[in-house]
Amino acid sequence: MSLGFLRRRMDSSAGCSSSEADGSMSRPTARPGQASSKHRERPSVSPRRRREAKKSQRRGDGQEQLLRELEQHRLPGQREHSEASGSVSDTAESSPKRRAHFLHGPYPATHFGPKACILPNPTSVMHIQDPASQRLTWNKPPVNVLVIRKIRDESLVEPFKELCRFLVEEKQMMVYVERRVADDGTLSEDENFGSIRNQLCTFREGYDDISDCIDLIICLGGDGTLLYASSLFQASVPPVMAFHLGSLGFLTPFKFESYKTEVDKVFEGNAAITLRSRLKVKVVKEMLDRTASQQPEHNGVLPRRYTSSEAGKVTLQLQVLNEVVVDRGPSSYLSNVDLYLDGRLITSVQGDGVIVSTPTGSTAYAAAAGASMIHPNVPAIMVTPICPHSLSFRPIVVPAGVELMITLSPDARNTAWVSFDGRKRQEIQHGDCIKITTSCYPVPSICCHDLVYDWFESLAQCLHWNVRKRQARLAETSDSSDTEN
């Protein structure tokens with residue numbers, strides 16, 4: 001209930017009670033000869049009206065007390081904002097066409113796994129934190145650590161053994177690893193590592209659910225290990241600490257040479273984190289049923305909303321960290337897909353395909369397709385065409401809270417294929433649709449320095465952003481006109 005709404009109810013109640021009280025208590029005194037006529041013109045107020053007036057007055061006093069309590073519990077800096085936005089929020093509440101979701105996406109969950117959360121910020125306004133104030137803290141000391149290692153890379157065996165030995169023997173942690181990593185022949189042959197290997201807890205992807213027991217994730221490898229960690233947790237994700245031991249390492253800011261110091265800092269808490277938003281994706285088979293009157297118009301006029309039947313079946317639902325890619329697959333024809341935003345057609349993509357990415361994915365496939373690179377803390381969804389057969393089709397950025405839907409165009413000559421972070425590739429037929437929106441479960445990525453410096457350092461070191469040979473300065477001359485010759 002907003003404060004503006006309470007004030008208006010108080011004013012109306014006070015006005016009603018005062019008018020009724022005036023009518024019952026301030027009757028004019030009649031003259032001796034006019035008593036009967038005055039009583040006929042203005043009859044006395046009944047006891048029922050008096051009781052209603054007293055109830056209204058008590059209700060107004062109670063609302064005034066509630067208003068005072070709200071004023072006392074309001075956070076600093078929220079007084080002016082709440083009073084100014086009271087009328088706007090009341091108008092939105094009374095409007096029958098109010099949006100069911102926010103343009104800037106859902107408020108992200110701030111608890112990551114069983115024991116980790118963001119350090120509360122009492123100065124936040126409207127529950128929106130300054131990204132620079134995003135600090136990790138622990139409700140309880142972490143106990144269970146998931147170590148993800150890049151497979152088929154022999155150079156990571158020794159760092160993996162060293163990290164596991166440190167966590168088990170020195171930190172007394174319970175270490176979880178994937179079963180195929182623990183069954184590696186190189187680890188089995190090492191007798192010195194046998195005691196540590198026997199204490200490792202193993203799991204199998206798709207069979208064992210570890211989402212409720214992991215406190216911290218440590219990745220050894222490249223960006224693919226972070227994407228794999230994201231795929232293991234389809235709801236709340238524990239904090240992720242990624243060490244750069246792969247080929248690119250845009251998402252892995254830590255150096256393994258100082259892993260003991262860095263891990264100790266994380267266990268102590270109060271580390272900077274970046275909340276990397278994810279996409280909530282649904283693949284619905286044989287859902288859409290469009291009539292001839294709803295065919296997309298190609299004269300620049302947007303058609304009516306897309307109607308759907310309830311016979312669709314959700315065949316896949318998952319969280320995506322980088323991007324959803326729809327392409328033409330093995331066909332030699334152009335892919336022809338329709339792109340809907342909140343149920344309305346915005347364009348038809350004719351080309352090799354389309355990429356729907358998060359800000360984290362803007363530096364991956366989308367960057368190769370010509371999109372801008374967006375900082376992970378910007379709430380947005382990027383739509384990037386892949387080799388569009390149009391000179392005017394530029395990548396666009398839409399608010400994080402919208403719902404995108406991709407379907408095959410009725411005029412499409414072939415089917416399309418879709419993949420999610422490079423995995424679970426499948427074919428899309430006529431009548432199928434892909435629904436995409438921002439998830440409320442981000443990936444809390446632990447920063448090495450801070451969320452701004454780490455991102456720009458990755459741009460410079462991994463992608464060589466704006467690398468150019470420096471222009472030489474001009475020699476000092478006595479006359480500036482010499483430069484014109």
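# Report on a predicted protein chain

Gly343 sits in the loop that joins β13 (335-341) to β14 (344-357). Helices (H or I, at least four residues) and strands (E, at least two) are DSSP runs, numbered from the N terminus. This is a predicted model, in which local features need pLDDT of at least 70, side-chain atom pairs count only at pLDDT 80 or more, and totals for chains, interfaces and linings use all residues. Residues are numbered from 1 along each chain as its sequence is written, and side-chain values use heavy atoms, with hydrogens and water left out.

Gly343 is partly exposed, at a relative accessible area of 21%. The cut-offs are these: buried is under 20% relative accessible area, exposed is over 50%, and partly exposed lies in between (1.4 Å probe, protein chains only). The C-alpha atom of Gly343 is 7.8 Å from that of Leu404, 61 residues away along the chain.

## The chain overall

The protein chain holds 12 helices and 21 strands. It has 485 residues, and 43% of them count as buried. The chain exposes about 27,400 Å², with carbon and sulfur atoms supplying 51% of that area. Accessible areas come from the Shrake-Rupley method with a 1.4 Å probe; for residues, only the protein chains shown count as cover.

Contact means heavy atoms within 4.5 Å. Among contacts in the chain with a separation of 6 or more, 73% join residues 24 or more positions apart.

## Helices α5 and α10

Helix α5 (residues 157-170) packs on helix α10 (residues 259-268) at an angle of about 45°, and their axes are 11 Å apart. That makes α5 oblique to α10. Angles under 35 degrees count as roughly parallel, over 145 as roughly antiparallel, 65 to 115 as roughly perpendicular, and the rest as oblique. Axes are lines fitted to C-alpha atoms, for helices over the stretch in contact; angles run from 0 to 180 degrees between N-to-C directions.

The crossing of α5 past α10 is right-handed. In such a crossing the near helix is turned clockwise from the far one by less than a right angle; anticlockwise makes it left-handed.

Which residues of α5 meet α10? Glu162, Leu163, Phe166, Leu167 and Glu170 do, and their partners in α10 are Tyr259, Lys260, Val263, Asp264 and Phe267. An α-helix has 3.6 residues a turn, so residues three or four places apart point the same way.

## Covered elements

Helix α9 (residues 223-232) is mostly covered, with 8 of its 10 residues buried. Those buried residues are Asp223, Thr225, Leu226, Leu227, Tyr228, Ala229, Ser230 and Leu232.

Leu279 belongs to strand β10 (residues 279-285). Is Leu279 buried or exposed? Leu279 is buried, with a relative accessible area of 1%. Beyond its neighbours within four places in sequence, Leu279 is in contact with residues including Leu318, Val320, Val324, Val356, Ile381 and Ile436. Its C-alpha atom lies 9.8 Å from that of Phe420, 141 residues apart in sequence.

## Exposed sites

| Residue | Relative accessible area |
|---|---|
| Asp212 | 65% |
| Arg152 | 78% |
| His464 | 53% |

Asp212 is in the loop between β6 (201-203) and β7 (216-221).

Arg152 lies in the loop between β4 (144-149) and α5. Its phi is near 60°, a positive value in a residue other than glycine. His464 is in the segment after α12 (451-462). Phi of His464 is near 50°, again positive in a residue other than glycine.
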